[in-house]
Amino acid sequence: MAAKKRQKNLGKLVVNGTLFLIILIWTIPTLGVLISSFRIRDDIATSGWWRVLPYRDWQAVKEIDPKQAGLDPNGVMQVEGVSGTFEEFRAGVSTPDGKQITWIGNKRIGKIEVQEQVWTVDWNFTLDNYKQVLGGQDFKFTKPDGTIQIIPGDNMSGAFLNSLAVSIPATVIPILIAAFAAYAFAWMKFPGRRAMFIVVIALLVVPLQIALVPILRDYKALHLNGTFLAIWLAHTGFGLALAIYLLYNYISGLPRDILESAFIDGASHFTVFTRLVLPLSVPALASFAIFQFLWVWNDYLVALIFLGGNPEFELVTQRMAAIVGSRGSEWHLLTAGAFVSMLLPLLVFFSMQRFFVRGLLAGSVKG
Amino acid sequence: MNIPPQGRQSLGGRILSFIGQILLAVIIPLVAFYVLYQGFLFLRDSNASRGVIASVAIVWGVGGVALLYWIFNNLVERLPDAWRTRFLPFVFVGPAMAILSWYLAIPTVRTFWISLFGRDGPPKGLNLLQQLTSSAFVGLSNYKSVFTESLMLEAFRNNLMWIIFGSTFSVVFGLLIAVLADRSSFEKLAKSLIFLPYAISFVGASIIWKFIYEYRPANQPQIGLLNSVVVSLGGTPQAWPQWVDVAPWNNLFLIVMVVWLQTGFSMVLFSAALKGIPDELMEASRIDGATEIQIFFRIMIPYIRGTIISVWTTVVIFTLKIFDVVWVMTGGQFGTHVIATQFYRQSFTNQNSGFGSAIAIVLLIAVIPVMFYNLKQFREQEAF
């Protein structure tokens with residue numbers, strides 16, 4: 001019995017250990033970017049973000065002025081019991097007791113440092129990256145050699161507002177239209193009902209690429225390209241089939257007697273829909289809303305095509321992709337920008353995870 | 001919900017009601033569209049601040065649509081009883097069907113039509129027959145190029161890799177994590193953290209992984225995690241997704257990103273399915289002396305087979321259409337083109353809409369089996 005218990009405990013340990021390792025691997029990519037976004041620009045560019053964890057580094061414990069010590073940089077020098085040429089000291093010479101002796105600077109005005117290995121961390125955090133990426137303000141840096149470098153900021157806050165102006169209507173409009181349709185499919189009888197629902201189901205998996213070329217032609221003919229309306233309607237069109245399907249599944253499952261007693265009391269379909277069905281369907285509406293919101297907020301392709309020509313209306317994803325393309329090595333902008341773009345989705349994710357999972361289980365996966 | 005039997009209507013009445021229904025379905029979206037459009041012209045030309053424009057746009061878009069349903073419902077409710085019951089369903093269902101037709105159903109046919117023509121598509125101002133006989137009509141030759149052009153073949157090969165590796169790894173990891181989490185002491189936290197990347201956009205994920213793959217010359221300190229590990233193990237740093245020497249395997253560095261993103265999705269579905277396995281079944285097999293591995297393969301997997309298949313299909317469809325990751329990470333260079341990036345390049349960069357449309361049709365054909373499967377499932381549900 002004891003052996004069995006021990007085996008069980010061991011099993012638990014293996015399970016927890018493996019899972020912990022997997023979680024670690026899964027989290028590190030995001031963590032690295034999050035930490036980097038708070039690091040100073042030069043730190044990001046010159047050292048890995050894991051420097052925020054303790055690491056061993058050489059630190060000066062003693063400084064020697066070569067001139068006072070009477071050392072000749074052109075020959076072989078004796079410092080602290082070790083000898084070497086200027087080049088060797090530049091690279092660092094280690095002493096028998098674990099120290100390192102390094103010549104800092106050039107031959108004329110250099111100094112010698114005696115360094116010891118100590119545990120240290122880089123904890124110089126800043127909010128400048130966020131200010132820069134959100135405020136659109138330029139930053140001036142004075143380089144060590146005295147020249148002033150101006151680094152242009154990036155206006156993400158405008159893009160953030162645009163993304164909101166696109167995402168909210170592009171979430172609410174399809175839900176509204178789909179809820180009406182789902183109600184009709186579930187509670188009304190009319191010719192063509194079955195045929196129409198079959199069309200909805202068939203369209204569930206149709207890739208949206210199929211629509212982009214013809215719709216772009218329509219938009220150009222209507223001078224609609226590059227407006228919010230264009231992209232709202234596009235997202236409505238592409239999300240509608242799934243919305244109808246999911247909401248139908250929920251609305252058709254509502255208890256029959258509640259609705260029927262309302263009809264007997266003389267309520268019209270519109271009243272039943274707005275007063276009874278919509279409030280009762282809040283869980284389903286919320287699940288789909290989360291998915292549609294995330295889908296629209298995170299979308300890149302649809303925005304690229306229907307808003308692509310208009311820099312005024314650039315969305316967060318487009319802005320980020322543009323920074324990747326044009327300033328791909330400016331990690332202080334990229335990391336902070338990435339987090340700005342993730343802020344809202346992560347907020348939605350953490351606050352509404354229950355609805356999120358429920359929606360997923362109901363089949364919220366876009367075709 | 002009392003509908004007059006169709007037989008009792010006169011033929012004229014039926015035709016009239018049919019025309020009315022169609023009109024309703026078309027008129028509501030048209031009026032909605034017109035009202036929204038006028039609002040937009042105003043917004044586009046106004047000089048108000050970005051925040052004001054954004055909030056006006058939100059109220060306008062959402063309120064406008066709601067108002068229209070209300071107005072049309074009131075109009076129809078004023079009709080005599082018989083007409084009301086005929087028209088009301090179409091006030092409800094019409095706009096949705098009209099939008100679906102405009103955005104998905106009809107474009108399927110239109111895209112197919114465009115795919116039969118040269119780079120500018122069918123010439124404007126001609127009727128169908130004239131278009132067919134015009135010099136722009138190329139028949140199936142776009143499809144021939146789709147299956148012979150070398151970049152397209154590369155895209156097909158890469159997409160196949162995406163489908164095979166992407167779906168397999170997301171499903172296997174998802175299942176593994178779901179099983180482990182089920183037995184662990186921190187199930188909720190574990191599932192949240194694994195699921196988290198699912199909420200991140202592909203553009204965001206691209207930045208996250210670009211940072212991991214960041215390359216610095218060998219004599220400089222590496223700031224990318226992967227190269228840092230490689231250097232500390234004595235290897236040479238590489239610009240991973242751009243590493244043409246190992247093509248097509250450099251695609252794996254992009255596929256990893258999607259596995260990272262999608263595993264949470266399959267984990268959630270598997271986790272729910274595993275919880276549905278009755279405890280008695282598990283207990284009984286344990287008493288019979290089955291090992292955990294036997295339980296996994298003989299009981300769990302057969303029990304959740306349906307979920308595995310549906311998750312697998314979903315991820316396959318998803319990877320079939322993969323675009324953002326490749327476009328942001330490599331732009332399709334270094335031998336990483338996929339079908340969707342080729343579609344974008346041909347349709348919008350090269351402005352060759354005939355070729356682009358042919359690629360879109362190929363994508364559509366690829367998902368048709370799933371479409372039929374869905375329809376079959378639907379037919380088997382007697383409830384509708």
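How many residues of chain B are in contact with chain A, and how many of chain A with chain B? Let's start there and then work through the rest of this predicted model.

## Where the chains meet

On the chain B side, 94 residues are in contact with 96 residues of chain A. Helix α3 of chain B, spanning residues 81–114, supplies the largest share of the chain B side, with 18 residues.

The make-up of that side is worth a look too: 67 of the chain B residues touching chain A are nonpolar, 19 are polar and 8 are charged.

## The nonpolar cores

The largest nonpolar core holds 202 residues, and it includes residues from both chains: Ala178(A), Ala181(A), Ile231(A), Ile244(A), Leu247(A), Ala96(B) and Leu100(B) have the most contacts inside it. Helix α5 of chain A, residues 156–187, gives this core its largest share, 21 residues. There is also a second, separate core of 6 residues, with Leu71(A), Phe89(A), Ile101(A) and Trp103(A) among them.

## The overall form of chain A

Chain A contains 15 helices and 8 strands. Along the principal axes, the C-alpha atoms of chain A fill a box of roughly 105 × 75 × 35 Å.

Of the 367 residues in chain A, 43% are buried. Among the contacts in chain A with a separation of 6 or more, 67% are between residues 24 or more positions apart.

## A sheet in chain A

Four strands of chain A form an open, antiparallel sheet in the order β1-β6-β5-β4. Its edge strands are β1 (55–64) and β4 (93–94), each of which pairs on one side only.

At the β4 end, β4(A) pairs with β5 of chain A (residues 100–104) in the antiparallel sense, over 2 bridges. Here Val93(A) stands opposite Ile101(A) of β5(A), and Ile101(A) is also one of the residues in the second core.

## Two domains in chain B

Chain B is divided into domain 1, residues 10–114, and domain 2, residues 149–337. How far apart do the C-alpha centres of these two chain B domains lie? The distance between them is 42 Å.

Key
Residues are numbered from 1 along each chain as its sequence is written. Chains are lettered from A and ligands numbered from 1 in the order in which they are written. This is a predicted model: local features need pLDDT of at least 70, side-chain atom pairs count only at pLDDT 80 or more; totals for chains, interfaces and linings use all residues. A nonpolar core is a set of buried Ala, Val, Leu, Ile, Met, Phe, Trp, Tyr and Cys residues joined through C-beta atoms within 7 Å. A residue is buried if 20 or more other C-beta atoms lie within 10 Å of its own, exposed if 12 or fewer, and partly exposed in between; C-beta atoms are placed from the backbone. Domain bounds come from an automatic or database domain assignment. Two strands pair if DSSP finds at least two bridges between them. Two residues are in contact if their C-beta atoms, placed from the backbone, lie within 7 Å. Ala, Val, Leu, Ile, Met, Phe, Trp, Tyr, Cys and Pro count as nonpolar, Asp, Glu, Lys and Arg as charged, and the others, Gly among them, as polar.
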